[in-house]
Amino acid sequence: MDDDDVGGGGDASPQHQGDGAVVAERGGSGALVPRDVASSPTSSRSVTETVNGSHRFVIQGYSLAKGMGVGKHIASETFTVGGYQWAIYFYPDGKNPEDNSAYVSVFIALASEGTDVRALFELTLQDQSGRGKHKVHSHFDRSLESGPYTLKYRGSMWGYKRFFRRTALETSDFLKDDCLKINCTVGVVTSTMDYSRPHSLEVPDSDIGYHFGTLLDSQEGADIIFSVAGQKFHAHKLVLAARSSFLDLNFLILNQMKRRMSLTQVTKSERLSSMTWSQKCLRLCFILCTGTILLVMRNCLLQAQIVLSLILWLGNCWLQQTNMSCQG
């Protein structure tokens with residue numbers, strides 16, 4: 001199939017974003033025009049290493065362990081390395097029947113559930129003469145052509161069927177006081193991925209509730225006091241207005257009334273004393289009308305009706321006072 005035959009019909013191509021992204025945007029003629037978009041570079045790094053752990057296995061009474069049979073072993077206590085359980089198996093009469101018990105065998109076994117566990121191993125038969133001439137079989141100090149050893153499943157083992165010839169072992173410095181000491185090191189292969197994310201930012205959990213509680217307890221900046229059954233509670237108007245639309249509206253009307261009065265009031269004592277009752281009534285009606293407009297704008301019709309009733313009552317009082325003044 002030719003390349004021209006691949007895909008469906010239509011004029012638009014899918015927009016892709018990412019490294020080296022091309023985004024299609026429409027030009028003046030309506031056609032899609034590719035536009036290069038610069039993106040933040042990212043990086044990643046694969047790290048393969050070993051998690052190492054060691055275990056010392058002491059076999060006391062070697063001469064009594066001989067003769068237990070080919071293929072039978074003495075197991076160490078299990079130990080944990082890299083999240084897996086391991087054990088050392090020592091075969092006094094060897095593991096391979098063909099050797100006729102001429103060699104001792106030593107193996108490291110996977111003692112827990114696992115699949116394709118890759119690891120490096122080291123077995124050391126300790127020289128007990130103090131000269132440090134230990135017998136060491138190690139993966140760690142040499143390059144492995146096929147890589148680390150892979151244990152397929154639980155019970156899989158790595159080791160040596162012919163670890164040491166028995167006749168040589170029993171006359172060597174490795175056996176002392178009918179005791180053998182074997183050191184084992186396991187290095188489990190692990191792989192991790194390090195990668196960077198552009199503009200990654202860890203957002204902490206919100207503790208605004210705690211801060212508001214502290215503000216209430218300290219009474220700092222409190223500008224209103226509620227009295228309930230003789231007990232006083234200090235609060236903040238801004239917080240109450242944010243939490244209650246009703247209180248928000250009432251605070252707004254109160255502030256408007258205070259602002260209107262402060263703009264026209266020279267001093268409370270002089271101006272109010274010079275005003276007649278009719279003038280005071282008209283002034284209060286004007287302020288209430290402003291509050292009614294705000295209530296209607298906020299769709300608080302019930303409150304607006306209450307304020308209008310108050311305005312009508314004040315209007316009637318003003319008319320009655322005016323008629324009495326005219327008759328006098």
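A: A disulfide is counted when two cysteine sulfur atoms are within 2.5 Å of each other. By that criterion the structure has zero disulfides. The model is predicted: local features need pLDDT of at least 70, side-chain atom pairs count only at pLDDT 80 or more, and totals for chains, interfaces and linings use all residues. Residues are numbered from 1 along each chain as its sequence is written, and side-chain values use heavy atoms, with hydrogens and water left out.

A salt bridge requires a side-chain nitrogen of Lys or Arg within 4 Å of a carboxyl oxygen of Asp or Glu. The count under this rule is seven. One of them joins Arg166 to Asp93, with 2.6 Å between the closest N and O atoms. Arg166 belongs to helix α2 and Asp93 to the loop between β6 and β7, so this contact ties together parts that are 73 residues apart in sequence. Helices (H or I, at least four residues) and strands (E, at least two) are DSSP runs, numbered from the N terminus. Arg166 and Asp93 are both buried, a class that means under 20% relative accessible area, with exposed over 50% and partly exposed in between (1.4 Å probe, protein chains only).

Another salt bridge connects Arg154 and Glu113 at 3.3 Å, N to O. Here the loop between β10 (149–151) and β11 (157–165), which holds Arg154, is linked to the loop between β7 and β8, which holds Glu113, 41 residues apart. Arg154 is partly exposed at 48% relative accessible area, and Glu113 is exposed at 61%. Lys152 and Asp116 also meet in a salt bridge, at 3.7 Å, N to O. Lys152 is in the loop between β10 and β11 and Asp116 in the loop between β7 and β8, so parts 36 residues apart in sequence are tied together. Asp116 is partly exposed, at 43%.

Two strands count as paired when DSSP finds at least two bridges between them. Strand β3 (residues 44–60) runs antiparallel to β12 over 17 bridges, and Ser46 has Met193 in β12 as its bridge partner. Strand β8 (residues 117–125) is likewise antiparallel to β12, over seven bridges, with Thr124 opposite Asn183.

As for the cysteines, Cys179 is buried at 5% relative accessible area, and Cys184 is buried at 1%.

Turning to the backbone, most residues other than glycine have a negative phi. Asn100, not a glycine, has a positive phi of about 55°; Asn100 lies in the loop between β6 (84–91) and β7 (103–110) and is exposed at 64%. Asp177 has a positive phi near 55°.
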